[in-house]
Amino acid sequence: MNDRSGEIVKFDNVGLRYGTDPEVLSDLSFTLFPGSFYFLTGASGAGKTSLLKLLYLAQRPSRGAIRMFGKDMITLPRTRVPEFRRRLGVVFQDFRLVEHLSAFDNVALPLRLSGTEEPRLLKAVSEMLDWVGLSHRAQAKPATLSGGEQQRVAIARAVIARPRMLIADEPTGNVDPEMALKLLRLFEALNNRVGTTVVVATHDVHLLKKVPDSLIMRLTKGRLSDPTGALRFPPRPDPAPASGAPRMSAAGTGI
Amino acid sequence: MSSPDTIPEAALPDQTTPPTASGGSAASLLPAARFGGPIPWVIAILIALVVIAAAGGLSLRNLAESARTEIADAATVQIIEANPELRAEQADAVVAALEQDPLVRSLRLVPEEELASLLEPWLGAGATSDDVPIPALIDLELSRQASADEIAVLQERVKKVAPSARVDAQSDWLRPVYNALTALQYLALGLISLIALATAAAVWLAARSAFTNHQETVEIIHLLGGTEAQITRVFQRSVMRDAAFGGLVGLFLGLAAVWLLGQQFAALDSGMISGGGLGWLDWLIIAAIPVLGVLLALVTARITIAIALRSMV
């Protein structure tokens with residue numbers, strides 16, 4: 001389990017614009033704590049994906065400061081960015097599986113990038129595929145997998161390297177409710193058993209109630225509403241002792 | 001699907017593993033990013049042209065060096081005298097005068113029969129007739145390459161005993177030939193430089209195209225923590241394979257052309273042309289051309305991919 005003290009992500013007055021367009025994200029200031037489970041909600045176009053891109057280091061902000069794992073991401077040299085990306089697991093909304101690689105090789109990708117030896121990798125990926133119920137589809141190419149199977153490959157790839165933070169963009173958007181719940185339980189298990197900080201973007205309000213101990217980040221037109229002050233920093237004076245991060249129930253946010 | 005409570009933690013890797021993916025594992029990250037199409041053949045043609053230009057340039061250099069060595073320290077004394085007896089007397093006097101000259105290593109009075117045989121193809125059998133006065137010739141081998149002033153001093157000494165004599169340094173009348181050969185060598189060098197630029201441009205275009213074809217995969221690898229070095233290495237490997245293929249084919253084509261040209265020139269049976277043969281060092285230089293081509297392709301591809309990756313965050 002991770003050390004839940006301190007912070008894993010800290011945004012300070014962050015804004016993001018594409019080109020000369022108006023800002024899609026404005027004045028974002030919040031802290032994410034290790035071992036916490038966050039839902040990022042908001043209507044379509046609210047800026048969820050843009051915020052996630054900042055979180056998984058696919059985008060640099062137009063203004064403001066971002067610290068991750070204790071390092072200033074704005075001044076971080078380009079050559080050091082991959083090192084921080086390896087600490088993240090990302091489930092993209094469109095999965096972004098590599099088409100020419102099999103399910104096995106897709107899941108193995110983060111390990112190969114980090115230089116894991118093949119015998120060890122073989123065991124780890126096989127177990128991971130078994131865990132997501134895709135052992136029998138290990139050699140299948142993404143194009144031959146169903147939407148749900150592709151999603152599970154994407155999730156297996158995101159968690160195979162035991163990331164310190166898992167970021168998932170609408171991970172249940174393409175699966176039936178039963179599968180959605182199963183995937184959510186996977187994230188919870190990672191969060192509870194491995195201590196991975198989880199950020200799940202979703203517009204499915206019913207999903208929020210499935211993880212009772214989660215925190216809610218709600219985006220409205222590029223601004224973060226924080227009705228309970230749970231996300232502000234420095235953290236409110238009386239954090240929950242178990243996590244170091246204030247927790248609230250989804251129901252408590254009124255969503 | 002297994003129960004979420006059974007996370008295969010034993011299977012999860014140790015996060016202390018340093019991010020140093022080996023080339024071997026990185027190689028499978030991208031599909032074979034081969035140039036494909038005509039690019040390896042374009043490289044082959046360009047390398048063949050470089051081989052031909054280089055062989056030509058080296059051959060010209062050898063030719064010039066050979067000619068220079070043979071005649072740079074040589075001179076000829078001509079005694080242009082219509083009277084055969086007087087001509088023979090003056091020739092003997094010149095030989096006597098120059099035998100002790102420190103600038104002259106050796107000399108040889110060319111026999112009249114030899115002169116006649118040299119002239120016969122142009123003047124016919126009548127060349128030996130007294131009606132056609134032929135100058136007496138004395139070949140001089142000098143102890144060193146003489147300056148114009150030294151040749152002038154030699155001329156003065158000869159004039160004292162043979163007023164109708166003239167001294168010609170052979171390097172003087174061959175100077176325009178040397179200049180032409182030098183110009184041709186520079187032309188070969190210029191051609192090689194231009195072809196190298198064309199090769200780099202072809203590789204640049206091909207690398208850009210290969211990168212664009214795999215941009216989606218590259219972006220995914222980038223977002224999963226792949227380093228620029230890992231991605232570049234994969235492309236470099238493909239580029240090296242194609243450039244090596246093109247280089248070898250080009251070398252073969254170029255050598256075939258050089259061999260054919262060599263056969264044609266050898267058939268001329270000219271003493272001067274034979275000096276333009278290629279030595280083992282020349283062949284080594286020609287053999288290195290595809291290697292240099294591959295290196296050029298690798299560096300070009302590396303720079304191209306690095307620039308393309310800079311456009312990503």
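Because the model is predicted, local features need pLDDT of at least 70 and side-chain atom pairs count only at pLDDT 80 or more, while totals for chains, interfaces and linings use all residues. Residues are numbered from 1 along each chain as its sequence is written, and chains are lettered from A and ligands numbered from 1 in the order in which they are written.

Chain A contains 7 helices and 10 strands, these elements being DSSP runs numbered from the N terminus (helices, H or I, at least four residues; strands, E, at least two). In chain B there are 10 helices and 4 strands, arranged from the N terminus on as α-α-β-α-β-α-β-α-β-α-α-α-α-α. Of the 255 residues of chain A, 49% count as buried; for the 313 residues in chain B the share is 32%. A residue is buried if 20 or more other C-beta atoms lie within 10 Å of its own, exposed if 12 or fewer, and partly exposed in between, with C-beta atoms placed from the backbone. Two residues are in contact if their C-beta atoms, likewise placed from the backbone, lie within 7 Å. Among chain A contacts with a separation of 6 or more, 72% are between residues 24 or more positions apart. In chain B, 88% of the contacts between residues at least 6 apart in sequence join residues at least 24 apart.

Within chain A, helix 3 (residues 103–113) packs against helix 5 (residues 147–159) at an angle of about 25°, with the axes 7 Å apart. Axes are lines fitted to C-alpha atoms, for helices over the stretch in contact, and angles run from 0 to 180 degrees between N-to-C directions. From helix 3 of chain A, Ala103(A), Asn106(A), Val107(A), Leu109(A) and Pro110(A) meet Val153(A), Ala156(A) and Arg157(A) of helix 5 of chain A.

The loop between strand 6 (88–91) and helix 3 of chain A holds Phe95(A), and Arg96(A) lies in the loop between these elements as well. Phi is near 70° at Phe95(A) and near 50° at Arg96(A), positive values in residues other than glycine. Most residues other than glycine have a negative phi. Phe95(A) is buried, with 21 other C-beta atoms within 10 Å, and Arg96(A) also counts as buried, with 21 C-beta neighbours inside 10 Å.

The largest nonpolar core has 123 residues, of which Val107(A), Ile167(A) and Val51(B) touch the most other members. Such a core is a set of buried Ala, Val, Leu, Ile, Met, Phe, Trp, Tyr and Cys residues joined through C-beta atoms within 7 Å. Helix 2 (residues 39–71) of chain B gives the most to this core, with 19 residues. Residues up to four places away in sequence being excluded, Ile167(A) touches Leu52(A), Leu55(A), Tyr56(A), Leu88(A), Val90(A) and Val199(A).

In chain B, Gln170(B) is found in helix 6 (residues 170–213) and counts as partly exposed, with 18 C-beta neighbours inside 10 Å. The C-alpha atoms of Gln170(B) and Asp73(B) are separated by 8.0 Å, although these residues are 97 residues apart along the chain.
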